[in-house]
There are 2 protein chains.
Amino acid sequence: MKGQILKALRECSDYLSGEKLSEQLGISRVSIWKHIRSLKKDGYVIGASPRGYRLVSSPDLLLPYEFPDLEQRIHYFPEIGSTMDAARELARKGAGEGTIVIAEAQAHGRGRLSREWLSPKGGIYFTLILRPSISPAYAPRINLMASVAVAATIRKLFGLNAELKWPNDVLIEGRKVCGILAEMDAEMDVVNFVNVGIGINANTSVPQFEKTATSLKDTLGRKISRKEFLSVLLGEIERRQALLMEADLLEEWKKLSGTLNKYVRILSLGEVIVGRAIDIDTTGALIIRKRNGSLKKALAGDCIHLREETPDTDMGAVSRQHSV
Amino acid sequence: MKGQILKALRECSDYLSGEKLSEQLGISRVSIWKHIRSLKKDGYVIGASPRGYRLVSSPDLLLPYEFPDLEQRIHYFPEIGSTMDAARELARKGAGEGTIVIAEAQAHGRGRLSREWLSPKGGIYFTLILRPSISPAYAPRINLMASVAVAATIRKLFGLNAELKWPNDVLIEGRKVCGILAEMDAEMDVVNFVNVGIGINANTSVPQFEKTATSLKDTLGRKISRKEFLSVLLGEIERRQALLMEADLLEEWKKLSGTLNKYVRILSLGEVIVGRAIDIDTTGALIIRKRNGSLKKALAGDCIHLREETPDTDMGAVSRQHSV
């Protein structure tokens, strides 16, 4: 309801009377007043006069009421341990497809393979619960879908040349601006749920010496509207959910990919694969042509883009400055 | 410790003095006495005389002390909702590889796809927590491994011609004697844990009219030792865990398979596939040659063995009496 009130206030260029609001939303004027008071507590500045209410300013927070169509599905936390942990708990208890856990900051943000994902205020951190009717083998397509949606959002809003690094990073000028982590709970046949965690370096600052990461703020030289970004991104994801098993998704990924045709070094479950990335298959696995011409498939893993063809030793160290 | 005491009593053909027990196990005689009292409470009949203790009889229960080498890893319940639910909770909290949840009966035993698995007393119901370093794509091999171990145990102990029905049933004379359910928690890269639930119709009775199921008791015409069965089975599983990613496992599965070379009807995520099962691939997927010669892969699903070649309509109903 707070979302509906904010929406009505935003759509009105002048003061909006309590009577009109009450009529429009079908709730009592006392109820309106209570919601207004609660919004003020959240940091909204709302002017009140005999003519009614007027929204003066909104806090820079990803509060559920900022997404009126999704309000019921959003679990919001000013700070949380990890949105992944909260979402898993919710999913276990039966939370439906499309449930979203948003946090302004995470104390223990998680990346792939139990790595830490730094999550200070200013970033965008959320986990989306999905319940697709697919076999676990196809779950990596959800990663592709989410990364395509993030890159599409960055391109649409800022015209930046966002690229995808297999399996699940989004890069701007070769630097990571977004990480994606997907966790699933499944039988051998069928996925129960896949939780997709997306962490975006939005209005955070990345230290100058850090050559492998960037933020939208650092790239653009200005702060972005996190609300607008998240709103557009959720739309881009939703639009692609229906396409999850379609060839179009793979085509879109290929178009945005910065990995295809590059020499890569993949570390996957202890195995190192070096070669040219030539394609992805229907499960989202990367197909690599090794120097000896043989093809190798990587289902997932750490991927480094190599600047040039390096000896196919499958072993030697690759120095940091030659890699992303 | 109770397991060690039982073991010592069983290894001794006569009375075993408290003093000797105390020496052998390195605990006080008072401690021995307390454990004996506790064992009696569990249903063990233990004779006591001035010469010491003697085990007269043991209850027909799968108590942890019956498996002295595994005692610390076993969580035992006389009755439980579902061993799968308990194991998931334990795995989430970090329970190690090899943790086992055993129940004498389950109130809400689960089969694949949220189906019910009837679990009255007399059966063997347990869930084993595994933490293999494999990609989720290979997790179905754990099903194959578990079903091979069950069939091997039945063949070894009773000389019965147990066969495997893809993906995860064990049949005797075409009737199901064991069901296996595996659930995983995974990132796209790597499995966090796979819980394997095994339900065996051991000393239960299957109604005469039920043509698709049987029990070991009904087949053999006598009760079996559930303890011996579980002990041998856990050994057969452990031996194969190291072979999970080896070709040998697939070869063993193929040898025991009742599905290969049969005409099958597979229902997998809403799709029906009819044809001859000709092979399995490295992920455990079944490869089916349709009547038109084309090959089709089923990652998982419901499988019906057809008695004879049926028209490859991919649609029509198959009557119960022609199928298993």
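Residues are counted from 1 along each chain as its sequence is written, while chains are lettered from A and ligands numbered from 1 in the order in which they are written. Because the model is predicted, local features need pLDDT of at least 70 and side-chain atom pairs count only at pLDDT 80 or more, whereas totals for chains, interfaces and linings use all residues.

Two copies of a chain are related by a rotation about an axis and a shift along it. The same surface serves both copies, and 100% of the contact residues of chain A recur in chain B.

As for the contact between the chains, 23 residues come from chain A and 23 residues from chain B. Two residues are taken to be in contact if their C-beta atoms, placed from the backbone, lie within 7 Å. On the side of chain A that touches chain B, the elements giving two or more residues are α5 (140–158) and β8 (175–187) of chain A. Helices (H or I, at least four residues) and strands (E, at least two) are DSSP runs, numbered from the N terminus. Of these elements, β8(A) gives the most, with six residues. By class, this side of chain A has 14 nonpolar, four polar and five charged residues. In that tally Ala, Val, Leu, Ile, Met, Phe, Trp, Tyr, Cys and Pro count as nonpolar, Asp, Glu, Lys and Arg as charged, and the others, Gly among them, as polar.

Strand β8(A) also pairs across to the other chain. Five bridges join it to strand β8 (residues 175–187) of chain B, and the two run antiparallel. Strands pair if DSSP finds at least two bridges between them. In this pairing A:Glu187 stands opposite B:Glu183 in β8(B).

The other element named at the contact, α5(A), packs within its own chain too. The axes of α5(A) and helix α7 (residues 226–241) of chain A are 9 Å apart, at an angle of about 135 degrees. That makes α5(A) oblique to α7(A). Axes are lines fitted to C-alpha atoms, for helices over the stretch in contact, and angles run from 0 to 180 degrees between N-to-C directions. Angles under 35 degrees count as roughly parallel, over 145 as roughly antiparallel, 65 to 115 as roughly perpendicular and the rest as oblique. The crossing of α5(A) past α7(A) is right-handed; a crossing is left-handed if the near helix is turned anticlockwise from the far one by less than a right angle, and right-handed if clockwise. Residues making this contact include A:Met145, A:Ala149 and A:Thr153 of α5(A), along with A:Phe229, A:Leu233 and A:Arg240 of α7(A). The contact of α5(A) with α7(A) has 11 nonpolar, one polar and three charged residues.

The axes of α1 (residues 2–11) and α2 (residues 18–25) of chain A come within 11 Å and cross at roughly 125 degrees. That makes α1(A) oblique to α2(A), and the crossing is again right-handed. A:Gln4, A:Ile5 and A:Ala8 of α1(A) meet A:Leu21, A:Gln24 and A:Leu25 of α2(A). These residues divide into four nonpolar, two polar and no charged.

On to the strands. In chain A, β1 (residues 45–49) and β2 (residues 52–57) pair in the antiparallel sense over five bridges, with a hairpin joining them through two residues. A:Ala48 stands opposite A:Tyr53 in β2(A).

Further along, chain A has an open sheet of five strands in the order β13-β12-β11-β10-β14, with antiparallel pairing. Strands β13 (295–298) and β14 (302–306) of chain A stand at the edges, each with a single partner strand, so one side of each is left without a neighbour in the sheet. The twist averages 45 degrees from one strand to the next. Within this chain, β11(A) (residues 271–280) and β12(A) (residues 286–289) pair over four bridges, and A:Arg276 has A:Arg289 as its bridge partner. Chain B has an open sheet of five strands with the order β13-β12-β11-β10-β14 as well, and there B:Ala277 stands opposite B:Ile288 in β12(B).
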